[in-house]
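Please open the model in your viewer and keep the sequence panel beside it, ready for selecting residues by number.

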Amino acid sequence: MKHYEDLFAHKSLPDISLQPDYIFTDLAQFQHPEMLNCVERLLDNHIKEGRGNNICIRTFEGNWTYKELFEKSNQIAHVLIDDLGLKSGNRVLIRSANNPMMVACWYAVLKAGGIVVATMPLLRSKELTTIIDCAEISHAFCDSELADEMQLVKSDFLIKTCYYGHSNLEELMASKPKTFTNYHSKSDSIALIGFTSGTTGLPKMTSHYHKDILNICEAFPNYSLQPQINDIFTGSPPLGFTFGLGGLVLFPMYFGASTFLIEKPTPDHLLQAIQDHKITICFTAPTAWRIITTKVKEFDISSLRKCVSAGETLPIKVWQDWYDATGLKIIDGIGSTEILHIFISSNEENMKPGATGVAITGYEAKIIDNQGNEAPVNEPGRLAVRGITGCKYLNRIDKQKEYVENGWNITGDIFKKDEEGYLWFVARGDDMIISSGYNIGAVEVESVLLTHEDILECAVVGTPDEERGMLVCAHIVLKNHSMATDAMKNRIQHWFKEVAAPYKYPRVIHFTEVLPKTETGKIQRFKLK
């Protein structure tokens, strides 16, 4: 790959021999020309085909048309090149809540030939610095509402940070042309880098091509949603999650529909948006579906036709309670940052309540044992997937070899397959804690806790919880055990939320004098679980 000026990302790709097998790419909908910038299909074509005045992004404050998004993205692309000195292949971080300017920046980076690294607004400066150093990020866009933590970032790689929200980005945009010639990227040029949950220590960077972005738009939406141009999408996942990026930006705009973005998507705000703005498709996590079920009778949600759940397994009780209250069937799905979006799901014709579903068009899945042999029917085993997208970790050959086995992506989830071929979630196969749709690595929580001046040792596990799926539970050895009080628990929790993303904090703390360990000193987590 010699197309970009900055080749850091492409040189960091795993060798093709370590990448998964790509299948179903011979289907017409998954074939692409050699030169491809995905923005042209997602945004620019709507202007060329006369849909510029159609509403594209809706918010509680107002709407943007496709033309407005197109023109603002073009102006920002000019800013990136003319004022910020972006070179093709540079990585650009975006720090923002879900709002129209974040989407405009996202498209602008790709138009200008950059690589997008979208992050969640809850991340703190330490976590942002780790991401910037790991991906050697040179430029950043940040909503001025989130400036405080961004200004604490110290990295030799970061050259320029540009703030928006009545700030310097808008001033720079004002004098720029509203047209722009998109960078001539290739279909296998890296378009985005998504960080998995571990953002302390050495996190994993997943990379996806321009063609990958268009491929997922042909897969899950057509299989499960059948989008129409008059559909209005909404949901709660941040655009920094690929789940949110697909559901709230890529899918609606691929089909010329519109999206309703909510910066603080509480259950009440979600229901209010569905009622007042006639939302038809909603993406959120099982925890939120459970909560809005208790409130749904207070709102008119008659416009809603498709409900999508992902991020953690969907309990059958949540599915049934929602169906009983609304007559709507929640479409469950499993995806991953490594594979970009949902690859196992269902639609209204093939849904089995409680099952995650089957491999959707573009993917195939099987359940294997530890030797790689296919597991018998109804026997739990490791989930293996392959298809039109797959894992491409940057600079992590060790993790690439763990995730990709004999051409298959091994997701780390334990599933079983029934007699009819439906896949049922059993458990996570590692120490990942999935709480309210957030993936939280036990090790990353531990690494934060160990920086506290009063903590000697700690081990973190997930504990089951009816409301959130799992809770982060920390077993802590204090340097002075006499300080093991409820007040100390509160102090540690408050401190944690100051130094790391609040959703990662340990909601349960147990003080102990010793952690169970093997003879070699390894903590026996299974005993804590």
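The tour below goes from the cores to a helix pair, then through the sheets, and stops at single residues along the way.

Before selecting anything, note that this is a predicted model, in which local features need pLDDT of at least 70 and side-chain atom pairs count only at pLDDT 80 or more, while totals for chains, interfaces and linings use all residues. Residues are numbered from 1 along each chain as its sequence is written, and side-chain values use heavy atoms, with hydrogens and water left out.

**The cores**

Select Leu-69, Trp-106, Tyr-107, Phe-141, Leu-169, Leu-250 and Trp-322, which have the most contacts inside the largest nonpolar core, a set of 113 residues. A nonpolar core here is a set of buried Ala, Val, Leu, Ile, Met, Phe, Trp, Tyr and Cys residues joined through side-chain atoms within 4.5 Å; buried means under 20% relative accessible area, exposed over 50%, and partly exposed in between, with a 1.4 Å probe and protein chains only.

Now centre on Leu-250, which, leaving aside neighbours within four places in sequence, is in contact (heavy atoms within 4.5 Å) with Leu-42, Trp-106, Ile-213, Ile-216, Cys-217 and Leu-245. A second, separate core has 49 residues, including Leu-123, Leu-394, Ile-455 and Tyr-505.

Not counting residues up to four places away in sequence, Ala-135 touches Phe-8, Arg-91, Phe-195 and Met-205.

**A helix pair**

Show helix H11 (residues 286–295) together with helix H12 (residues 316–326): their axes come within 9 Å and cross at roughly 35°. Axes are lines fitted to C-alpha atoms, for helices over the stretch in contact, and angles run from 0 to 180 degrees between N-to-C directions. At the contact, Pro-286, Trp-289, Arg-290, Ile-292 and Thr-293 in H11 meet Val-318, Asp-321, Trp-322 and Ala-325 in H12.

Within this pair, pick out Thr-293, which is buried with a relative accessible area of 14% and which, neighbours within four places in sequence aside, is in contact with Asp-321, Trp-322 and Ala-325.

**The nine-stranded sheet**

Colour the strands in the order E2-E1-E10-E9-E11-E12-E13-E14-E15, and you have an open sheet of nine strands with mixed pairing, where two strands pair if DSSP finds at least two bridges between them. At its edges are strand E2 (63–65) and strand E15 (358–359), each of which pairs on one side only. Inside the sheet, strand E11 (residues 281–284) and strand E12 (residues 306–309) run parallel and are joined by four bridges, with Ile-281 having Lys-306 as its bridge partner in E12.

Helix H10 (residues 267–277) lies across strand E9 (232–235), strand E10 (258–260) and E11, running at about 170° to E9. In the loop between H10 and E11, stop at Lys-278, a residue other than glycine whose phi is positive, near 55°; Lys-278 counts as partly exposed, at 46% relative accessibility. Leu-340, in the loop between strand E13 (330–335) and strand E14 (342–345), also has a positive phi, near 90°, and Leu-340 is buried, with a relative accessible area of 1%.

**The three-stranded sheet**

Finally, select E24, E25 and E26, which in that order form an open sheet with mixed pairing. Strand E24 (455–465) and strand E26 (508–511) stand at the edges, each with a single partner strand, so one side of each has no neighbour in the sheet. Neighbouring strands here are turned by 25° against each other on average, direction ignored. Four bridges join strand E25 (residues 469–478) to E26, the two running parallel, and Ala-474 stands opposite Ile-509 in E26. Two helices complete the view: helix H14 (residues 442–449) packs on the sheet, touching E24 and E25, and makes about 145° with the direction of E24, whereas helix H15 (residues 486–499) lies across E24, E25 and E26, at about 130° to E26.
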